[in-house]
Amino acid sequence: MTVLFLNSSSDRYGSSRILVEVVKVYQAAGLKAVVVLSEPGPLQQLLADLGALVYIKNLGILRRKYVTPSGVFNRLKRNFKAYRFLNQLHREFQFELVYSNTLAVVVGAQWAKWNKLPHIWHIHEILLGPPPLLGLLKRLLDNTTPYPIVVSEAVKHHWEDKLSKSIPVVIHNGIPYEDFLIKDPLSLKELNAADNSIIITMVGRINPGKGQLFFLEIAKQLSIHYPQCHFVLVGDPFPGYENLEAEISNYISEHRLKNCVTNLGFREDIASILRTTDIFVLPSILPDSFPTVILEAMAAECPVVATLSGGASELVLDGETGFLIPINDLDSAVNALIKLILNQEIRHNFGRAGKNRVLKEFSLDSFSKNIENHLWQQLGKN
């Protein structure tokens, strides 16, 4: 059996990393993987190394910026070309299942329906609008995907009220944790931090919802009274948001934070960075479905301070593995961090509890079993 996988990007961030684990599960179950990525990138080689056949084709990925008359026309043209490309692949491989990773990939759902193939949609997003986009996705889901996978209860609650036929199935993400348990930490010099600094880190791709500027506001407030703290930003901009990267650099410069903030940009050595981190912060200001980076931080024994923005509340136990704070609430963020800055024992206790929780409740083995069970259930229903 050959499965067609469609993905919206070729990066190696959260949803793409989950795709890799899904491909592994399907291959272990005896299925052949053919993957179409919308652009070249590091994910391409990683999938090829697994033995998947990888093709690059613009899939007409749906983004907020295309919800305009000209944008819709652009996407229709791209989707038409993508349909023709998928038809060519189908003649060669005779697919028996289509798997679309993230709601940004819309071409696969309708293509699967027209070719009378079962379709699995793995939903990583909580989308607040615009209404035409939500309406389109609702119709596509109801007409093509009986049991879409959603990555958290927060995502399920968001979509189930909008859907008439499709029934979302929650499968929490799981990832390999070995590197976050054993990797050597970086030296403080590599982070431009002084000896005995308390390292407070944020990892996330730069986009309007991740909250990098909110993180810098927190850093500005804390640096006044807690000079022992050093703040680290990790992540590059999502295509189209390079202006936000410039805003981050300008904020650091204008507020004279260069001595206490290090912006590392894109890094491959996330495990080592987190192993160096004393406190991890995810200050998302828009709903964040199920941040994989929190799993990584907890595995690396970091206490976590995260905003109540979607799936974080399913990961972080408030007062046990970290603190949950309201979105954009600077005072709450600063107060939560002060508690951790001033008490090393709490940091260590939260970190150990977080590691135990993630290994027990969000294991890769559990994720893999749930993905495989869902796979056979969907094939059995078709």
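This is a predicted model: local features need pLDDT of at least 70, side-chain atom pairs count only at pLDDT 80 or more; totals for chains, interfaces and linings use all residues.
Local features are taken where pLDDT is at least 70 and side-chain atom pairs where it is 80 or more, while totals for chains, interfaces and linings use all residues. Numbering starts from 1 along each chain as its sequence is written, and side-chain values rest on heavy atoms, with hydrogens and water left out.

Start with the helices, which, like strands, are DSSP runs numbered from the N terminus (at least four residues of H or I for a helix, at least two of E for a strand). Helix H4 (residues 107–114) packs against helix H5 (residues 131–144) at about 35°, and their axes lie 10 Å apart. Here an axis is a line fitted to C-alpha atoms over the stretch in contact, and angles run from 0 to 180 degrees between N-to-C directions. H4 and H5 cross in a left-handed way, meaning that the near helix is turned anticlockwise from the far one by less than a right angle. On the H4 side, Ala 109, Gln 110 and Lys 113 meet Leu 140, Asn 143 and Thr 144 of H5, with contact taken as heavy atoms within 4.5 Å.

Now for the loops. Asn 196 is not a glycine, yet its phi is positive, at about 65°. Asn 196 sits in the loop between helix H7 (178–182) and strand E8 (198–203), and its 74% relative accessibility makes it exposed. Glu 301 also has a positive phi, near 65°, and belongs to the loop between helix H11 (292–299) and strand E12 (304–307). With a relative accessible area of 31%, Glu 301 is partly exposed (buried is under 20%, exposed over 50%, partly exposed in between, using a 1.4 Å probe and protein chains only).
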